[in-house]
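Here is a short note on the structure shown below. Please read the points with the model open.

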Amino acid sequence: DLKDYQQYLQSLDKLKLSLRENFAHLPEAVAFTIHHHAKQLLNRMWDAQDPLEKLKVEMQLIQFMTAVHEDSVSSLNTDKPVSLPQKTLAFIDNGV
């Protein structure tokens with residue numbers, strides 16, 4: 001289990017680097033906030049004792065990571081620079 005958790009953390013670190021690469025004008029604090037939110041979801045999932053709660057938070061983490069991925073792909077497929085990962089920030093703003 002510990003190895004799985006470490007792999008999740010490594011993946012989240014790659015996520016932060018990817019955000020910095022795909023959103024050149026993204027303030028570093030925003031990238032850290034997104035990374036922190038993903039880490040909080042991971043910790044909630046990992047610490048959940050109730051299997052239904054664990055599954056719920058796992059789905060939230062998957063949805064969050066999907067939003068980050070979609071924002072990154074979107075930023076690469078446009079001619080003009082995208083300054084903020086809109087879907088990702090909306091996900092955080094919705095309190096998930």
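1. **Arg44 and its contacts.** Neighbours within four places in sequence aside, Arg44 is in contact with Glu53, Val57 and Gln60; contact means heavy atoms within 4.5 Å. Arg44 is found in helix α2. Helices here are DSSP runs (H or I, at least four residues), numbered from the N terminus. Arg44 counts as partly exposed because its relative accessibility is 40%. On that scale buried means under 20% relative accessible area, exposed means over 50%, and partly exposed lies in between (1.4 Å probe, protein chains only). Arg44 and Leu61 are 17 residues apart in sequence, and 9.6 Å separates them in space, C-alpha to C-alpha.

2. **Basis of the model.** This is a predicted model, in which local features need pLDDT of at least 70 and side-chain atom pairs count only at pLDDT 80 or more, while totals for chains, interfaces and linings use all residues. Residues are numbered from 1 along each chain as its sequence is written, and side-chain values use heavy atoms, with hydrogens and water left out.

3. **α2 against α3.** How do helix α2 and helix α3 cross? The axes of α2 (residues 28-47) and α3 (residues 51-76) come within 8 Å, and they cross at roughly 160°. Axes are lines fitted to C-alpha atoms, for helices over the stretch in contact, and angles run from 0 to 180 degrees between N-to-C directions. The crossing angle therefore makes α2 roughly antiparallel to α3. The cut-offs are under 35 degrees for roughly parallel, over 145 for roughly antiparallel, 65 to 115 for roughly perpendicular, and oblique for the rest. α2 passes α3 in a left-handed crossing. Left-handed means that the near helix is turned anticlockwise from the far one by less than a right angle; clockwise would be right-handed.

4. **Who meets whom in α2 and α3.** The α2 side includes Ile34, His37, Leu41, Arg44 and Trp46. Among their partners in α3 are Glu53, Val57, Gln60, Leu61, Phe64 and Val68. By class, the residues of this contact of α2 with α3 divide into 11 nonpolar, 2 polar and 4 charged. Nonpolar covers Ala, Val, Leu, Ile, Met, Phe, Trp, Tyr, Cys and Pro; charged covers Asp, Glu, Lys and Arg; the others, Gly among them, are polar.

5. **α1 against α3.** Helix α1 (residues 2-22) and α3 have axes that come within 10 Å and cross at roughly 30°. That angle makes α1 roughly parallel to α3. The contact joins Tyr8, Leu12, Leu15, Ser18, Leu19 and Asn22 of α1 to Glu58, Leu61, Met65, Val68, Ser72, Ser75 and Leu76 of α3. The contact of α1 with α3 has 8 nonpolar, 4 polar and 1 charged residues.

6. **α2 against α4.** The axes of α2 and α4 come within 11 Å, crossing at roughly 55°. α2 is therefore oblique to α4. The crossing of α2 and α4 is left-handed. From α2 come Val30, Ile34, His37 and Leu41; from α4 come Thr88, Leu89, Phe91 and Ile92. The residues of the contact of α2 with α4 divide into 6 nonpolar, 2 polar and no charged.

7. **The salt bridge.** Which side chains meet in a salt bridge? Those of Glu70 and Lys87 do, at 2.9 Å, N to O. The pair links distant parts of the chain, with Glu70 in helix α3 and Lys87 in helix α4 (residues 86-93), 17 residues apart. The rule asks for a side-chain nitrogen of Lys or Arg within 4 Å of a carboxyl oxygen of Asp or Glu. By this rule the count is 1 salt bridge. Glu70 is partly exposed, at a relative accessible area of 36%. Lys87 is partly exposed too, at 45% relative accessibility.

8. **Arg20 and Glu28.** Arg20 sits in helix α1. At 33% relative accessibility, Arg20 is partly exposed. Residues up to four places away in sequence aside, Arg20 touches Leu26, Pro27, Glu28 and Ala31. Glu28 is in helix α2, and at 47% relative accessibility Glu28 counts as partly exposed.

9. **Pro51.** Is Pro51 buried or exposed? Pro51 counts as exposed, because its relative accessibility is 63%. Pro51 lies in helix α3. Its C-alpha atom is separated by 26 Å from that of Val68, 17 residues apart along the chain.

Conventions: Helices (H or I, at least four residues) and strands (E, at least two) are DSSP runs, numbered from the N terminus.
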